[in-house]
Amino acid sequence: MRTIAIVGSNVCPIESLDYEIFENDLFKQDWRSAKKSRILKYVVLKWALALVIGLATGLVGFFNNIAVENIAGYKLLLTSRFMAKEEYYKAFAVYASMNVGLATAAAALCAFIAPAAAGSGIPEVKAYLNGIDAYSILAPSTLFVKIFGSILGVSAGFVVGKEGPMVHTGACIASLLGQGGSRKYHLTWSWLRYFKNDRDRRDLITCGAAAGVAAAFRAPVGGVLFALEEAASWWRSALLWRTFFTTAVVAIVLRGFIQFCATGDCGLFGQGGLIMYDVSAADARYSAPDILAVLLLGVFGGIFGSIYNYLVDKVIRTYSIIHEKGTAPKILLVITIALLTSSVSYGLPWFSTCIACPTDATVSCPTVGKAGNYISFNCPTGYYNDIASLFLNTNDDAIRNLFSTDTTKEFHIYSLFIFFSAVFILGIITYGIAIPSGLFIPVILAGACYGRLVGRLFESISSLDTGLFALLGAASLLGGTMRMTVSLCIILLELTNDLLLLPLVMLVLLISKTVADNFNKGIYDQIVKIKGLPYLEAHAEPYMKDLVTSDVVSGPLVTFSGVEKVGYIMHALRTTGHNGFPVIDEPPFSDTPELCGLVLRSHLLTLLNGKVFSKERVLHGEEILRRFGPFDFAKAGSGKGLKVEDLDIEEEEMEMYVDLHPITNASPYTVVETMSLAKAAILFRQLGLRHLCLVPKSQGRSPIVGILTRHDFMPEHILGLYPNIKPHNN
């Protein structure tokens, strides 16, 4: 059964994925005849693809950083030149117009080419790995827009990050390779035919998602743990090895380019976009008052995180109404937010007082022509504007400034409060517009500011550096919004190169997640729900224990005989949207009616298109095995697969018969109709199924009662059937 979901800003049908091994006669014949050389080739190709995914994702990550640094750097440099001449209105006009131009270009790419590229992309990747295939979420056009739209959006000064889109980008690269290219864009590779199935693609996309995190944060171990903790619904040790290998390749690629950028050949801001936030120079010793401050950081981080998630939920739902009105309102909304962001970024520094530059001769103050902690803005020589040092920088450089150590008095307390309030609100109202936008950086930015603010308030009794407080604040807000623990902990440690702070980071993450879980779900889980993606949770809802599988099975059930009339199959395919059909053997092919197995719609279409028919109702499977190979039934890549409308069946052929035994999965997963729904739901998710056959408990009935699909486990379906059941609210 088809479900409707929101992808990007478009409503479109979605399908489930086939992660089950389909053991039919064609598969068994191919498996028996496979030589060792072919098996070796398959294994080598899997590792080769992991290598290529790592290389490609690392290159895209490098390109994104350099592009953002140069575009944003040129924009900020031009603005600062007008500021130096005291041409303040011209400076704002240049700054705002460039922001609006970049934002409009990003919005146009999303609106006209790939609406599915809007947003973070992590919820869509998470849904795909759960078994949900939504239209165009991993298409080549989505990959193109994700890369260039993210560059334009981040360069436009929005409070968004390129980290979430990098996860989606890595998944798109993996999907493009795994499906053998794209027929639509005439990019196909026959040597990748081994991976034209959902199981292998799932593994590759898991590697791609991990590579995206590694490329975004230069955190290879954090990328693996992110895929394990947040993205993947299914895991095994062999996949762990390949994912780790992929992220290691990404780290090597990025490290090579970092060394290249050390020569100063990477553009206006040099190393800025590739160097993360090293705080290892700070003294990480802490005492009882510091622990108290960390506990407060965790509690308030959880509260702020749950508020952030609640408001993002409301904003996305509001924006979806605007997006339904067409392309023009989408782009107009982006322009409005761009103007608002530009006005806030340029206007708020005017409320700050100038601060005298530090006497330390090792720093350049005020900073001119590059990223740095000390932007002069409207201040005289020897002074800097602390709010401008945060707003008139790229988001990465602003975080770097907040994480800076041994600079306790660098920012006024009220400046930190103003910046935190502005970034917190801008991050909320920006997510959901029609541009690729990540959530990691806005949350880190707001959290770092909040943490540094707490550090300033506790400076009289605390021995921790304010830069370390900024790191702990970022961890607390990330834990409160994302609800991850292990992966976030390692990503932050790899970002900041400070292992001594590990106990405090762990503590603040645990507290913030625990507090926030009492109010609502994690941000990605909420977005999955808003988009209408039928995501299966790792646990069953409590009310499922009171129901059995036969209570929720949908009908009507359409079955085929082992040797079926072509006309009846065509009628069933035209009148139903089912993707799996039970095959029942009846006399004379069996003594009593028995379940032969399950046949897929896509396999039926391929078989009918081959026209291996018989005028008599007899078994003719050997001819089918000679005519077809297993790769003939492989899943289509990008582009349209075979549809029932594409079949050219003559009138006399409708009265002929076709043997379904060779393409029928003779060992489908089955459960008895009296199994509890909770137990069946766990089984369905853990095995990555698309169809689960229900068989009767007693004999003398039809050999199959029905088929459970993802739709039957959805709370909306169950509560629609049984409105008196009280759902568990989380």
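**Strands, surface patches and salt bridges**

Good morning. What we see is a predicted model, in which local features need pLDDT of at least 70 and side-chain atom pairs count only at pLDDT 80 or more, while totals for chains, interfaces and linings use all residues. Residues are numbered from 1 along each chain as its sequence is written, and side-chain values use heavy atoms, with hydrogens and water left out.

Let us stay with the strands. Helices (H or I, at least four residues) and strands (E, at least two) are DSSP runs numbered from the N terminus. Strand S8 and strand S10, residues 580-585, pair in the parallel sense over two bridges; two strands are said to pair if DSSP finds at least two bridges between them. These strands belong to an open sheet of three strands, in the order S8-S10-S11, and the pairing in the sheet is mixed. Which strands form the edges of this sheet? They are S8 (560-561) and S11 (594-600), each of which pairs on one side only.

The loop between S10 and S11 contains Pro 588. The peptide bond that leads from Pro 587 to Pro 588 is cis, and its omega is near 15°.

A second pairing joins strand S13, residues 670-672, to S14 through three bridges, and these two strands run parallel. Within this pairing, Thr 670 stands opposite Cys 693 in S14. Are the side chains of S14, residues 692-695, buried or exposed? Leu 692 and Leu 694 on one side, and Cys 693 and Val 695 on the other, are all buried, so both faces of the strand are covered. Here buried means under 20% relative accessible area, exposed means over 50%, and partly exposed lies in between (1.4 Å probe, protein chains only).

I turn now to the salt bridges. A salt bridge is a side-chain nitrogen of Lys or Arg within 4 Å of a carboxyl oxygen of Asp or Glu. How many salt bridges does the structure hold? There are 17 salt bridges.

One of them links Arg 701 and Glu 673, whose closest N and O atoms are 2.6 Å apart. Arg 701 lies in the loop between S14 and strand S15 (706-708), and Glu 673 in the loop between S13 and helix H23 (677-686), so the pair ties together parts that are 28 residues apart in sequence. Arg 701 is partly exposed, at a relative accessible area of 43%, whereas Glu 673 is buried, at 9%.

Another salt bridge joins the side chains of Glu 655 and Lys 565 (3.5 Å, N to O). Glu 655 is in the loop between H22 and S12, while Lys 565 is in strand S9 (residues 563-565), so this pair connects parts that are 90 residues apart in sequence. Lys 565 counts as partly exposed, with 28% relative accessibility.

In a further example, Glu 459 and Arg 456 form a salt bridge whose closest N and O atoms are 3.3 Å apart. Arg 456 is buried, with a relative accessible area of 10%, and Glu 459 is partly exposed at 29%. Finally, Lys 126, Glu 230 and Asp 525 are linked in a network of salt bridges.

The next topic is the surface. Patches are made of residues with over 30% relative accessible area and no salt bridge; like charges are joined within 9 Å, and nonpolar side chains (Val, Leu, Ile, Met, Phe, Trp, Tyr) within 5 Å. Accessible areas come from the Shrake-Rupley method with a 1.4 Å probe, and for residues only the protein chains shown count as cover.

Phe 63, Phe 112, Ile 113, Phe 144 and Phe 148 make a nonpolar surface patch of about 490 Å². Of these residues, Ile 113 lies in the loop between helix H3 (88-112) and helix H4 (122-130), and its relative accessible area of 42% makes it partly exposed.

Glu 86, in the loop between helix H2 (36-84) and H3, has a positive phi of about 60° although it is not a glycine. Glu 86 is exposed, with a relative accessible area of 57%. Asn 497 also is not a glycine and has a positive phi, near 60°. Asn 497 sits in the loop between helix H17 (486-496) and helix H18 (502-517), and it counts as partly exposed at 48% relative accessibility. Thank you.
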